[in-house]
Amino acid sequence: MHLHDLLGEASQLLQQVTDAEGYERLLLQLVRVMTAVNPVAAIKYVQDWGPWDRPLELLCAALAEELVRSDLDLAEKFAWSLIDRQHHLRQGALTTTAAALAESAPDRAIALARAVFAPKDRIAAFIAIERAIAVSQPRLARLLLADAEALLPQVELTERWEALIAVAERHVDSDVARAAALLSEAERLAWADWGRRSTVDALSRVAAAFAAFDDRAESLTASVLDLGANAHQSLGQVVAALARVDVLRAERLAYVIADREGRRDPGTVVALVSELTPTAPDLALRLVQGISNVDLERDAALGDLVTFWAPRDQNRAERAAHLVADEADRAAALFEVAAAFASVDLARARHLAAEAGKLSPEGAEPEELLANAAIAASLAAADSEAAMPYAKRGLHLYQNSNRTLRPDLVTALAQSFLPLDPDRGDELLNDAESFTQALISHSEAREDDGEMVTRLRSIHQSELVEGIRALAMVSPERAETCARRIPESLPLTRARAFVTVAAAYAGQTRLCTSGSSLRHR
């Protein structure tokens, strides 16, 4: 009952904040949790949505992604319902479903794709199926690619360049000449007078597609740089595409971009590193090692890389952490890696925590607390005696912090104590609740708030939801109590908390995890 009430109330709260930053992302999270709990109700929620607008397109795609995880037949029925209703904005949902169906039931996937009305959407669906069956059924895949290409003249000119790129990318491995011809046509359309920003984006996409087989990627990049500043935001994708085929070419191009945009301004390189970290993290590390004389910028970029790699590849994260110049920042980075190692290699985690502790005994409080709590929690089941010193070190940091730490960190400390000293663990959970309550009062806006105070309240609101998320992992009931104390004058924050707690009740921890970085708050 709690779960359905929370989802219903979150939905009502979201209706009050449709223009707020973060609205769309939270709406999608709500639908994903709904789908995990009651997929039929989630489908009805989406089908009853009012206007055919951008949120509806995103909702359909999110719903389809969740449905194909759990019930492919129901996902297929939902996709057909969109076609029957002739929704104009549905590409994400249909391509997701078609691709998921393709491997087990290609005939059904193709039937779904052929029923799509808009040529651009039908091309996307054909390519999704072609990509899924390219290895297992190459002949059928080639026929689908031909069908997709035949539809290109039917796509509106302002959208055709995207479709041309999509088809060209599937030709690269088998017919480079055809791929080049299609991309040349996309380039011609990209130069149409849609405004500088649109042209930069379009040409960057074309250049990224050329990167796999043609040096026109570099010449097009130069053309994009001639169009104006801030092009690195779009050109990062070209560098990332090049990195997949030739890291040295990619590195050279990255420095050309940095030189043209900022005359080797380290800030421009750091911006490029941020763009590349999710898609080409190894290249990002090479670039950041080339930044000299500005340790602050370099350390910030390395910190981003540590945060990216820590949950994915602890060895790479450790390598980046050791490159941080400032000792206190290096200690913080090493503690972050130690926390990530705790669940996979306890010996390594303990070694890194010891190394970081020598670097900065008191200089990395949140990261050190989290690392010690993670190591203690991992050790607790097998060796409570070995775990206790780490738990006590975390407790010492907490007790000497003026008790102003964020509630999510106090909850992590509580988790380490619950198997070792349940009374102490429960006491720490009570503290986490108290801190959460304090953040609620700090988050409420007042009429005399200035710009700086408003920003601070925004930070408090993020920390509040993060604290509730952490509590929800341990005790959804405690987290719900805190969430319900958030006043209705903070509808977006209250809704975020409700959706997070609902995901925890539903056992969908992947839908209430946080990607935020300790060092960048």
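Tutor: Start with handedness: a crossing is left-handed if the near helix is turned anticlockwise from the far one by less than a right angle, and right-handed if clockwise. Helices here are DSSP runs (H or I, at least four residues), strands are E runs of at least two, and both are numbered from the N terminus.

This is a predicted model, where local features need pLDDT of at least 70 and side-chain atom pairs count only at pLDDT 80 or more, while totals for chains, interfaces and linings use all residues. Residues are numbered from 1 along each chain as its sequence is written, and side-chain values use heavy atoms, without hydrogens and water.

Now the pair itself. H20 covers residues 327-341, and H22 covers residues 365-380. Their axes come within 8 Å and cross at roughly 25°. Because of that angle, H20 counts as roughly parallel to H22 (under 35 degrees; over 145 is roughly antiparallel, 65 to 115 roughly perpendicular, the rest oblique). Axes are lines fitted to C-alpha atoms, for helices over the stretch in contact, and angles run from 0 to 180 degrees between N-to-C directions.

Next, the residues that touch. From H20 come Ala332, Phe335, Glu336, Ala338 and Ala339. From H22 come Glu367, Glu368, Leu370, Ala371 and Ala374. Contact means heavy atoms within 4.5 Å. By class, this contact of H20 with H22 has seven nonpolar, three charged and no polar residues. Nonpolar means Ala, Val, Leu, Ile, Met, Phe, Trp, Tyr, Cys and Pro; charged means Asp, Glu, Lys and Arg; the others, Gly among them, are polar.

H8 (residues 119-133) and H10 (residues 157-171) pack at about 15°, with axes 10 Å apart. That makes H8 roughly parallel to H10. The crossing of H8 with H10 is left-handed. H8 brings Lys120, Ile123, Ile127, Glu130 and Arg131. They meet Glu159, Glu162, Ala163, Ala166, Val167 and Arg170 in H10. The classes are five nonpolar, six charged and no polar.

A third pair runs the other way. H27 (residues 476-485) and H28 (residues 491-505) cross at roughly 165°, and their axes come within 9 Å. H27 is therefore roughly antiparallel to H28. H27 passes H28 in a left-handed crossing. Pro476, Glu477, Ala479, Glu480, Ala483 and Arg484 in H27 meet a set in H28 that includes Phe498, Val501 and Tyr505.

One single residue is worth a stop. Ala240 is found in helix H14 (residues 232-243). Ala240 counts as buried because its relative accessibility is 5% (buried is under 20% relative accessible area, exposed over 50%, partly exposed in between; 1.4 Å probe, protein chains only). Beyond neighbours within four places in sequence, Ala240 is in contact with Leu276, Thr279 and Ala280. Ser204 lies 36 residues away along the chain, with 11 Å between its C-alpha atom and that of Ala240.

Last, step back to the whole. The protein chain has 28 helices and zero strands. Its radius of gyration is 26 Å, close to the 24 Å of the globule rule for 521 residues, so it is as compact as a globular protein of that length. That radius is taken over C-alpha atoms, and the rule is 2.2 Å times the number of residues to the power 0.38. Along the principal axes, the C-alpha atoms fill a box of roughly 70 × 60 × 55 Å. Of the 521 residues, 52% count as buried. Among contacts with a separation of 6 or more, 63% join residues 24 or more positions apart.
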